[in-house]
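Please open the model in your viewer and keep the sequence panel beside it. The tour below goes from one selection to the next and says what is found at each stop.

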Amino acid sequence: MLKIIIVAGARPNFMKIAPIVAAMKRRSADFQSITLHTGQHYDAAMSDAFFRDLEMSEPDIYLGVGSASHAAQTAAIMQAFEPVVLKEKPDWVVVVGDVNSTLACALVCVKLGVRVAHVEAGLRSRDRSMPEEINRLLTDQIADLLFTPSRDADQNLLAEGIPQERIRFVGNIMIDSLIGNLERAKQSTARADHDLQDKDYAVLTLHRPSNVDDEDAFARVLDALEEIARRLPIVFPAHPRTVKMIAELGLAARFENNRELRLISPLGYFDFLQLLSGARLVLTDSGGIQEESSVLGIPCITLRENTERPITVEMGTNTIAGTDPAKIVAAAFRALENPPTKDSSRVPPLWDGHTADRILDALLERDGKG
Ligand code: UD1
């Protein structure tokens with residue numbers, strides 16, 4: 001029996017831990033799981049909604065750290081997590097993704113000599129101004145076992161001097177959640193609620209500090225969005241950070257005066273999946289949405305200069321448009337000329353809904369129990 005603490009902290013972590021938690025429950029003869037939520041995200045819409053939709057029970061341990069500067073937040077997570085690890089003495093700690101909680105908890109483990117596994121290892125944007133890139137680089141250097149979603153991630157890790165025996169290509173854990181919940185997401189009323197049934201529409205998400213904390217960058221993206229909104233309505237579930245910045249940067253009027261650029265509250269997992277799966281186009285600066293839209297066959301325009309998920313460009317539906325309005329508009333109009341296609345041969349290898357079991361098999365094998 002392996003005792004595992006599995007860590008989540010922020011919204012994009014919840015759909016990554018859910019399939020692993022469920023698989024450990026199914027395989028309870030081999031796994032005892034403790035779910036830990038750091039509290040990095042805490043609003044009901046950013047956290048509770050995902051536990052509910054993904055049918056996860058309340059976390060066993062909630063650290064309640066909340067928002068703060070990067071240093072203060074990372075330190076608060078470490079201070080709160082260390083006594084938990086000392087008390088529980090897990091065989092493994094599993095961290096996912098690239099948020100501050102991921103790095104903070106990995107760092108606690110390595111200092112205590114407790115083995116840590118990183119799910120979604122090896123992704124690199126090569127843009128060190130992104131906080132996530134620093135979290136990825138450091139977590140991968142110190143974790144004992146690195147679970148990669150795609151072969152390019154293996155290559156990145158090898159190039160950084162990480163030995164092959166620490167790397168396991170297991171596929172994309174988010175896609176386990178996507179495949180497992182698509183049918184249930186059909187019951188959501190999100191499309192009807194926003195009057196988008198049987199209509200062409202685009203979905204937008206935007207929350208990266210480089211896009212929303214900088215007035216010029218945000219205004220440039222907004223220029224492009226206004227142009228695209230003349231062709232089809234854009235529905236925009238906005239992250240709390242973005243909502244705050246719209247007010248601070250004096251951009252609210254540009255949304256209030258535009259009926260086709262519809263700012264709405266953050267959505268739960270099912271509601272977002274329903275909107276995404278019916279969209280004609282996705283515009284985003286999120287990493288996970290590049291992957292989800294690729295699997296769903298929905299054209300995705302990425303509002304960043306780079307991606308840590310190049311496979312979504314090579315095999316999926318993703319176009320990297322950056323933040324130049326002319327490039328964004330041209331990419332969007334090109335995508336609108338080509339209807340979405342569901343070509344399963346374009347789904348990357350092992351993005352098949354079985355990644356959680358491959359992760360658990362590898363953990364058992366590492367312990368000589370597989
Ligand atoms: C974090 C992750 C980012 C991820 C994103 C997804 C890091 C470094 N960043 O960014 O990789 O893509 O989550 O959402 O870990 N806030 C609330 N309610 C909440 C959470 C946050 O109002 O439940 C507000 C606070 O004002 C906070 C701000 O959003 O200061 C930013 O939150 P934070 O967790 O620091 O970073 P995110 O931008 O959410």
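Begin with the open sheet of six strands, whose order is β10-β9-β8-β11-β12-β13 and whose pairing is parallel; strands here are DSSP runs of E with at least two residues, helices are runs of H or I with at least four, both numbered from the N terminus, and two strands pair if DSSP finds at least two bridges between them. This is a predicted model, in which local features need pLDDT of at least 70 and side-chain atom pairs count only at pLDDT 80 or more, while totals for chains, interfaces and linings use all residues. Residues are numbered from 1 along each chain as its sequence is written, and side-chain values use heavy atoms, without hydrogens and water.

Next select β10 (261-264) and β13 (318-320), the edges of this sheet, each of which has a single partner strand, so one side of each lacks a neighbour in the sheet.

Now move to the open sheet of seven strands, ordered β3-β2-β1-β4-β5-β6-β7 with parallel pairing. Its edges are β3 (61-62) and β7 (167-169), each with a single partner strand, so one side of each is left without a neighbour in the sheet. Within this sheet, select strand β1 (residues 2-8) and strand β4 (residues 92-96), which pair in the parallel sense over three bridges, and look for Ile6, whose bridge partner in β4 is Val94.
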